[in-house]
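I opened my notebook and went through this model one spot at a time. Here is what I looked up, in the order I wrote it down.

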Amino acid sequence: MAFAATDHAHMARALRLAELGLYTTQPNPRVGCVLAHGEQIVGAGWHQRAGEAHAEVFALREAGERARGATAYVTLEPCAHFGKTPPCADALIAAGVGRVVVASEDPFPKVDGRGIEKLRAAGITVETGLLRDAARELNRGFFARVERKRPWLRVKLAMSLDGRTALANGESNWITGEAARADVQLWRARSSAVMTGSGTLRADDPHLSVRLGEGVAFKPPLRVVLDRELCAAAGAHLLDGSAPTLIFHGADAKPADDRFARAKLAVVPVRDGRLNLGHVLHALAEHGVNELQVEAGPTLCGALFAGGFVDELLLYVAPILLGDGSRPLLNLPQLDAIDAAPRLRVVEQRQVGDDLRLLLRA
């Protein structure tokens, strides 16, 4: 379908609005809406927080009577069901819009084409697919959770120029500089959950919290730990009750004391002495996790790569050399041929302070 330059401009504007909800809408998708008569925008809005008004509602409020006969540019198919808010398709119909341009269809079972059908049944012209790839990219976690029943999985790692993550004695604070560490906070903030393993829990006692500047709104991500035997140390920060925490463990593990009452515990099957990662990811999808950021050691990260679960690698490369006796980036199975090596493509590379940030995908 051919779209005019004006259509592209308004949908691009809607996508920029949708991105304003990057840190606050989860588990809902990030959605933007623009109402226009030709080149003139009469209303605009974005979904700001889960449970609150959707993008179309904000745009219609701003437009008022000017919404009648306008074209609505929406980055995701308007909903057609009653959830925590009324159907947006009904609101567009009631406002008398004449045309709706949708970037991407919504695969959520309660929508999944019903919003488009309802609009067309009301006599509204509906066109789809304008900047679809950009709309799906912005909500890649939402689409992953709904379509394949597991989150978009991003592994965050930091390494030296010679591919090492820590000294042989485990010391790793700090390989990267302050700018890179601040950058990681933004990636955590856009994630529904941040996950680590019991080895990292014992070695580094991480907080897995988000630290952003004052005035930056975000929804704190769920903290997730894979701890098969429930062996977290007595003073572990992840058991401090300061943020929602979910611990996956084996069926035979028993909480050592009441510290674990501050977290939610979930049993998953154990395979070959390890928690079944497929079951973990499916369970996280059931918890509404769209984007999952993993910050762990070479064993867990290597297992995720070997299992084919990694969608994205966020890699910080520091201008430092740690030597061949230091700890590796990943523990992966031995390869017999170069052709068998997993290959990633570079999506983005950027200088962050003195460090290099690479975003790679399988």
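This is a predicted model: local features need pLDDT of at least 70, side-chain atom pairs count only at pLDDT 80 or more; totals for chains, interfaces and linings use all residues.

**Entry 1: R223 and its contacts**

Skipping its neighbours within four places in sequence, I found R223 in contact (heavy atoms within 4.5 Å) with V194, H207, L208, H237, L238, D240, G241, S242, A243, P244, T245 and L246. R223 sits in strand β9, residues 222–226. I took helices (H or I, at least four residues) and strands (E, at least two) as DSSP runs, numbered from the N terminus. R223 is buried, at 2% relative accessibility. For me, buried means under 20% relative accessible area, exposed means over 50%, and partly exposed is in between, with a 1.4 Å probe and protein chains only.

Residues are numbered from 1 along each chain as its sequence is written, and side-chain values use heavy atoms, with hydrogens and water left out.

**Entry 2: A168**

Next I went to A168, in the loop between β7 (164–166) and α7 (178–189). Is A168 buried or exposed? A168 counts as exposed, with 55% relative accessibility. Leaving aside neighbours within four places in sequence, A168 touches G325, S326 and R327. I also checked A168 against L265: they are 97 residues apart in sequence, and their C-alpha atoms are 33 Å apart in space.

**Entry 3: helix α1**

Helix α1 covers residues 5–19. I tested its length: at 1.5 Å a residue, its 15 residues should span 21 Å, and the end C-alpha atoms are 21 Å apart, which agrees. The expected span is 1.5 Å times one less than the number of residues.

Which residues of α1 are buried? They are D7, H10, M11, A14, L15, L17 and A18. Looking down the axis of α1, I see these buried residues within an arc of 160°, so they line one face of the helix. The arc is taken from the directions from the helix axis to the C-beta atoms. I reminded myself that an α-helix has 3.6 residues a turn, so residues three or four places apart point the same way. The buried residues of α1 pack against β1 (32–37), β2 (40–46), β3 (71–76), β4 (99–104) and α5 (132–138).

**Entry 4: helix α3**

In helix α3 (residues 88–95), C88, A89, L92 and A95 are the buried residues. Down the axis of α3 they fall within an arc of 130°, so they line one face of this helix too. They pack against α2 (55–63), β3, β4 and α4 (114–121). Just after α3, G96 has a positive phi of about 80°.

**Entry 5: cysteines**

A disulfide is a covalent bond between the sulfur atoms of two cysteines. How many disulfides did I get, counting pairs of cysteine sulfur atoms within 2.5 Å? The count is 0. C88 is in no disulfide, and its nearest cysteine sulfur, that of C79, is 3.8 Å away. C88 is buried, at 1% relative accessible area. For C231, the closest cysteine sulfur is in C301, 17 Å away, which is too far for a bond. C231 is partly exposed, with 31% relative accessible area.

**Entry 6: rings**

I paired rings of Phe, Tyr and Trp (its six-membered ring) if their centres lie within 6.5 Å; planes under 30 degrees apart are stacked, over 60 edge-to-face, the rest tilted. That gave 1 aromatic pair. The ring centres of F142 and F143 are 5.7 Å apart and the planes are at 75°, so the pair is edge-to-face. F142 is buried at 5%, and F143 is buried at 3%.

I also looked for charges over rings (NZ of Lys or CZ of Arg within 6 Å of the ring centre and within 35 degrees of the ring normal). R136 lies over the face of F143, 4.1 Å from the ring centre. The charged end of R61 sits over the ring of F58, 5.4 Å from its centre.

Most residues other than glycine have a negative phi, and most peptide bonds are trans. L208 is not a glycine, yet has a positive phi of about 55°. L208 lies in the loop between α8 (198–204) and β9, and is buried at 3%. A cis peptide bond joins Q26 and P27, with omega about 10°. P27 is in the loop between α1 and β1.

How values were computed
A disulfide is a pair of cysteine sulfur atoms within 2.5 Å.
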